[in-house]
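The exercises below take one structure step by step.

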Amino acid sequence: MNISKLLKAADDAYINYRYRCEALAKEAQKYINWDDKVSCEHLPADGLCILATVPDDCNMSGMPECVCPADSFFSSVKAKETITPQEFKAISI
């Protein structure tokens, strides 16, 4: 077993994962005009998710960061130009 090769392969895979997540976050940002720090992460139980902070003035129980499965997010915005904080919160987990 070549540990160096395994380490390099794991490192390369992580870099590729981060690159793909950044691309998804950039695409999601096109639909979110109320948060300029949208991100994408893989969550163990939920898969790839879009993370955004809902503005405090939306009166949505004070929980600012929302997590939405990426497939649900992109299905929801397919025919829209933007998504409101309320719509994002409604499809969040």
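**Exercise 1. How many residues does helix 1 have, and how far does helix 1 reach from its first C-alpha to its last?**

Two remarks come before the solution. This is a predicted model, in which local features need pLDDT of at least 70 and side-chain atom pairs count only at pLDDT 80 or more, while totals for chains, interfaces and linings use all residues. Residues are numbered from 1 along each chain as its sequence is written, and side-chain values use heavy atoms, with hydrogens and water left out.

Step 1. Helices (H or I, at least four residues) and strands (E, at least two) are DSSP runs, numbered from the N terminus. Helix 1 has 27 residues.

Step 2. The expected span of a helix is 1.5 Å times one less than its number of residues. Helix 1 reaches 39 Å, close to the 39 Å expected.

Step 3. Look at the N-terminal end of helix 1, which Asn2 caps: one of its side-chain oxygens lies 3.1 Å from the backbone nitrogen of Ser4.

**Exercise 2. Find the buried residues of helix 1 and state what they pack against.**

Step 1. Buried means under 20% relative accessible area, exposed over 50%, and partly exposed in between (1.4 Å probe, protein chains only). In helix 1 the buried residues are Arg18, Cys21, Ala25 and Ala28.

Step 2. Contact means heavy atoms within 4.5 Å. The buried residues of helix 1 pack against strand 1, strand 2 (47–53) and helix 2 (70–76).

**Exercise 3. Count the aromatic pairs and describe two of them.**

Step 1. Rings of Phe, Tyr and Trp (its six-membered ring) pair if their centres lie within 6.5 Å; planes under 30 degrees apart count as stacked, over 60 as edge-to-face and the rest as tilted. The count by this rule is 5 aromatic pairs.

Step 2. One of them joins Tyr14 and Tyr17, with 5.8 Å between centres and 45° between planes, and is tilted. Tyr14 and Tyr17 are 3 residues apart in helix 1 (residues 3–29), so about one helical turn separates them. An α-helix has 3.6 residues a turn, so residues three or four places apart point the same way. Tyr14 is partly exposed at 48% relative accessible area, and Tyr17 is partly exposed at 24%.

Step 3. Trp34 and Phe88 have ring centres 5.6 Å apart and planes at 65°, so this pair is edge-to-face. Trp34 lies in the loop between helix 1 and strand 1 (39–43) and Phe88 in helix 3 (residues 85–91), so the pair ties together parts 54 residues apart in sequence. Trp34 is buried at 16% relative accessible area, and Phe88 is buried at 0%.

Step 4. Ring pairs link Tyr31, Trp34, Phe73, Phe74 and Phe88 into a cluster.

**Exercise 4. Which residues have the most contacts inside the largest nonpolar core?**

Step 1. A nonpolar core is a set of buried Ala, Val, Leu, Ile, Met, Phe, Trp, Tyr and Cys residues joined through side-chain atoms within 4.5 Å. The largest such core has 18 residues, and those with the most contacts inside it are Ile32, Ile50, Phe73, Ile83 and Phe88.

Step 2. Helix 1, strand 2, strand 3 (65–69) and helix 2 each supply at least two residues of this core. Its largest share, 3 residues, comes from helix 1.

Step 3. Take Phe73: leaving out residues up to four places away in sequence, Phe73 touches Ala28, Tyr31, Ile32, Ile50, Cys68, Ile83, Phe88 and Ile91.

**Exercise 5. How many disulfides does a search of the whole structure find?**

Step 1. A disulfide is a pair of cysteine sulfur atoms within 2.5 Å. The search of the whole structure finds 0 disulfides.

Step 2. For Cys21, the nearest cysteine sulfur belongs to Cys40, 3.9 Å away. Cys21 is buried, at 2% relative accessibility.

Step 3. For Cys49, the nearest cysteine sulfur is that of Cys68, 7.4 Å away. Cys49 is buried, with a relative accessible area of 0%.

**Exercise 6. Where is Lys80, and which residue does its side chain join in a polar contact?**

Step 1. Lys80 sits in the loop between helix 2 and helix 3. Lys80 is partly exposed, with a relative accessible area of 31%.

Step 2. A polar contact is a pair of N or O atoms within 3.5 Å; within protein, one must be able to donate a hydrogen and the other to accept it, and residues adjacent in sequence count only if both atoms are side-chain atoms. The side chains of Lys80 and Glu87 are joined by a polar contact of 2.8 Å.
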